[in-house]
Amino acid sequence: ACSGNGDDPPRLPVVQNIVEYAGTSEGCTAFIYYAPGSDNAEELRSRGGFAADDLAQGDALLLSYTSDPADPGYITVTGARGINNMALLQTEPAGLAGWDSEGVYLLSAWRAGQRLNLRLNLTYDSEPRRFAIIVDKTTIDDPWPVAYLFHRRGTETPNFSREYYVSCPLTPLFSRDGIEGLKLRLIDTNTSSALPEERTLTFPK
């Protein structure tokens, strides 16, 4: 809405990104941001207080903030949301049995720095589920190791979907000699037919 006299103050756009918590110093809270596909880190510093009791340095979170061109290098945090910080696992092929039990509704997937980030919908369930990114150990020395998005609920009870964000550090894998990138296999239900389809995504190092 606009005021009648046309003198509304300018409003800064709110952006939302997955960032890494980098701790506090000199009264500021620091975050590290990598643009999709980029290896160039950008430090974001907030002068305001930030409740980080449940965060360890290096944890990823979904941060909402504004950035004033008149105050470069600093942001104003407007909101924060915890996300699933997931370690990259590995197993023998036998340990992958059932990885395709239940698909995910994939909205987006991208590499940012040394992280694999996912935005997806999962069926809500109050019971524990198996949800992990697991590398097939027989491919660990290949230029493109193959990982699987393992999703299996304890029950098959239908339910509504909720949006989730996942961030998985790839440094343990990408630091190995000869690695060129990662392949990720998953069962995707975000298809034109609405039927689950197996997909393989590639993320260059």
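This is a predicted model: local features need pLDDT of at least 70, side-chain atom pairs count only at pLDDT 80 or more; totals for chains, interfaces and linings use all residues.
Colleague: Which residue of strand 2 stands opposite Tyr-21?

Modeller: Strand 1 covers residues 15–25 and strand 2 covers residues 28–34, and the two pair in the antiparallel sense over four bridges. In general, strands of a sheet pair through backbone hydrogen bonds, either parallel or antiparallel. Within strand 2, the residue that stands opposite Tyr-21 is Phe-31.

Colleague: How many residues apart in sequence are the parts that Arg-115 and Glu-20 tie together?

Modeller: The side chains of these two residues, Arg-115 and Glu-20, meet in a salt bridge with an N to O distance of 3.0 Å. Arg-115 lies in strand 9, which spans residues 115–123, whereas Glu-20 lies in strand 1, so the pair ties together parts whose separation in sequence is 95 residues.

Colleague: Is Arg-115 buried or exposed?

Modeller: The relative accessible area of Arg-115 is 8%, and a residue counts as buried when this value is under 20%. With its 8%, Arg-115 is therefore buried.

Colleague: Where does Asp-71, which forms a salt bridge with Arg-47, lie?

Modeller: In this salt bridge the closest N and O atoms of Asp-71 and Arg-47 are 2.6 Å apart. Both residues count as partly exposed, Asp-71 at 25% relative accessibility and Arg-47 at 47%. Arg-47 lies in the loop between strand 3 (41–46) and strand 4, and the pair ties together parts that are 24 residues apart in sequence, because Asp-71 lies in the loop between strand 4 (60–67) and strand 5 (74–82).

Colleague: What is the separation between the C-alpha atoms of Val-104 and Ala-52?

Modeller: Val-104 is found in the loop between strand 7 (89–91) and strand 8 (105–112), and at 2% relative accessibility Val-104 counts as buried. Leaving aside residues up to four places away in sequence, Val-104 touches a set of residues including Leu-120, Phe-131, His-151 and Ile-187. Ala-52 is 52 residues from Val-104 along the chain, and their C-alpha atoms are separated by 30 Å.

Colleague: Which strands stand at the edges of the open sheet of four strands?

Modeller: The open sheet has mixed pairing and the strand order 6-12-9-8. An edge strand here has a single partner strand, so one side of it is left without a neighbour in the sheet, and this applies to strand 6 (84–85) and strand 8.

Colleague: Which residue in strand 12 is the bridge partner of Asn-85?

Modeller: Strand 6 and strand 12, the latter made of residues 161–169, run parallel and are joined by two bridges. In strand 12, the bridge partner of Asn-85 is Ser-167.

Conventions
Residues are numbered from 1 along each chain as its sequence is written. Side-chain values use heavy atoms; hydrogens and water are left out. Two strands pair if DSSP finds at least two bridges between them. A salt bridge is a side-chain nitrogen of Lys or Arg within 4 Å of a carboxyl oxygen of Asp or Glu. Buried means under 20% relative accessible area, exposed over 50%, partly exposed in between (1.4 Å probe, protein chains only). Contact means heavy atoms within 4.5 Å.
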